[in-house]
Amino acid sequence: MSSFSVTEPSNRSKWIAGFLVISYALITMIPLVWILLTGFKSPADAISYPPKVVFDPTLEGYVNLFTTRTRQTQEFLNANPPQNWADEIVRQYDMVIVGPSKFGERFMNSVIIGFGSTFLSIFLGTLAAYAFSRFKVPLKDDLLFFILSTRMMPPVAVAIPIFLMFRNLGLSDTHLGMILLYTGVNISLAVWLLKGFIDEIPREYEEAALIDGYTRFQAFYKVVLPQAATGIASTAIFCLIFAWNEYAFAVLLTSATAQTAPPFIPTIIGVGGLDWPAVAAGATIFLIPVMIFTILMRKHLLRGITFGAVRK
Amino acid sequence: MAQIVVKNVKKMFGDFTAVRESSFTIEDGEFFMLLGPSGCGKTTTLRMIAGLELPTSGEIYLDGEEISQKPPSERDIAFVFQMFALYPHMNVRKNISYPLISQGMPRAAVKNKVEEVAGILGIRDILDSPVGGLSGGDRQRVALGRAIVREPKAFMMDEPLGALDAEFREHMAEELRALHDRMGATTVYVTHDQLEAMQMGDKIVVMNNAVIEQFGTPQEIYDKPATMFVAGFIGSPSMNFLPFQSRLEAGSEMVRLNGHDEQVPKLLEGAEGELVFGARPEHVFLSDRSSYRAKVVAAEYLGTTQIVTLQSPNGEVKARIDARENVRLDEQVGLEFRSSAITLFEQSTGRALKSTLNEEVLGNG
């Protein structure tokens, strides 16, 4: 055994690399951890100075996030004992829960619009990418460039035309409208990424399937799709993250029915004063679906990022 | 089992002609080689028979039925790819059963058939392993299994041994040929390796630059080449070409090589101008009686034979002679040719001149 190796990093450089990676991870996680903690603080703890790291955890923020409450007279409060633990929490401010807040609904809107547009982007993107990869499409290069060119400016730059267009088409504040909009923005990314992945799959696999008695479409979904799974998973994550986090168009185009969570969460501030714990609770819950989705796809994502770099 | 007739088939990719009007017939049960250098159109021809490319014009008949514009799934032809193209997301058993499933064969029948084929190929023990970890030879066997399992009318093989290492290739070539003899299925096999073609094929088509140069049995192609390309491509070392100028009448049996008369098979056509005298290395002998002198430039010892390179007045000549013959470098020796095996070519067209040696071969060329 030699103590010196060209390809293996030395123990010291491994330690330094590990230290750097861990410190970077810790630094980037501080805001997230802070949001998570704030969600469990009381409003007073949340704004105390110096900031409290140790505090009495409470579910107040979460209760406030999911409910609407009204202040009541002492007689009313005495006559109606608290119904449950949540009610008990709000009683300390002489309030009672009168119903659910809009958060659940907004959150569901986010889920429908986010996953709906991701599904549509991937569906259309895969078909388009396959066609661009395998068939002689007239003006192929120009079409691909055109598709890419839709990404050459920030989408918000066309906010006003889109606003007017949506109003005339009756798409404003509808789920369908938002799904179409996010699909439109994501489709260029999806086509380009997926074309790269499909280009890497040798044609012989489909040809073998054609010879084995399958139609072109069967060959596509039985042989090409399973092998493009890596690419599809990583592309889906990118699409979902964009649609999930999108704020500007959501503010502009949605209000009563199709509003998503990102424009809703800040409105909590206006309702009962600066209710930071409720905002932090909303942000925490909002993070969960993307995190779960990413963790489920993580294996594919890692393989996806290195895909094509090394030939098997 | 089927006869395949390729008739005036032509393939253009845009302005590029991949295959110029080609016609040939593959008889039922034949092991048929498509041989040529890369880019000559042999793979395109194979893919057209299989239906992976559609010919620009011409017809292809499989058992008398015109199939040139049919999708591959309706042709009942199996294809073995150079890189095997095993479905990477399925194990060996699934790969082999895939063509049967598409035909809607019942599950139990599929299982039996796959076991049977695996038995023939000796891969029963790996049926349930993923294809990823298999050795080249096993992949090859699985690819063959997928091809033979549904008993197609014909097999197409696109350089199936190209991805194997040299040692294993020999072994696999024997296995393939044995498999063919056992099944008796019409097989079309593409290769650029002339040895492989000679060794395995019943018939060979030699292609070059999108054109069929010659079509015949390995012996015909080796002994009676129709063009200089075929003569040069087949055989190692390739045929010696000695250029000379002359005017020959039909019926002549002598040519003058640098002042020496050499006997050749009786010509059946006349020719004039730049001609080429073609002799295989094994038809060149060293002889002190001959006045046609050449200088020994190099000698390669090959065990039973040796290849002697000589500088003659008409250019370089290689002779394959007995290894025990004593040859010294820089020595002047006399050369003799086996006159019955000589082919004359026209330099400008590369075409062989018709003679008593090759008349029946050139007739169907």
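These notes cover the chain contact, the annotated spans and the nonpolar cores of a predicted model.

1. Basis. Local features need pLDDT of at least 70 and side-chain atom pairs count only at pLDDT 80 or more, while totals for chains, interfaces and linings use all residues. Residues are numbered from 1 along each chain as its sequence is written, with chains lettered from A in the order in which they are written.

2. Interface. Chain B gives 17 residues to the contact and chain A gives 14. Contact here means C-beta atoms, placed from the backbone, within 7 Å. On the chain B side, β6 (77-80) and α2 (92-102) each supply at least two residues. That side has 13 nonpolar, four polar and no charged residues. Nonpolar means Ala, Val, Leu, Ile, Met, Phe, Trp, Tyr, Cys and Pro; charged means Asp, Glu, Lys and Arg; the others, Gly among them, are polar.

3. Annotated spans. An unreviewed UniProt entry places "transmembrane region" at several spans of chain A, including 111-132 and 219-244. Such annotations may be inferred rather than shown by experiment. Residues 111-132 of chain A are 100% helix, with end C-alpha atoms 31 Å apart. Residues 219-244 of chain A are also 100% helix, and their end C-alpha atoms lie 33 Å apart. Helices are DSSP runs (H or I, at least four residues); strands are E runs of at least two.

4. Main core. The largest nonpolar core has 140 residues, and B:I49, B:F79 and B:M156 touch the most other members. Helix α11 (residues 216-245) of chain A supplies the largest share, 13 residues. Leaving aside neighbours within four places in sequence, B:F79 contacts A:A208, A:I211, B:A50, B:A147 and B:M156.

Definitions and conventions: Two residues are in contact if their C-beta atoms, placed from the backbone, lie within 7 Å. A nonpolar core is a set of buried Ala, Val, Leu, Ile, Met, Phe, Trp, Tyr and Cys residues joined through C-beta atoms within 7 Å. A residue is buried if 20 or more other C-beta atoms lie within 10 Å of its own, exposed if 12 or fewer, and partly exposed in between; C-beta atoms are placed from the backbone.
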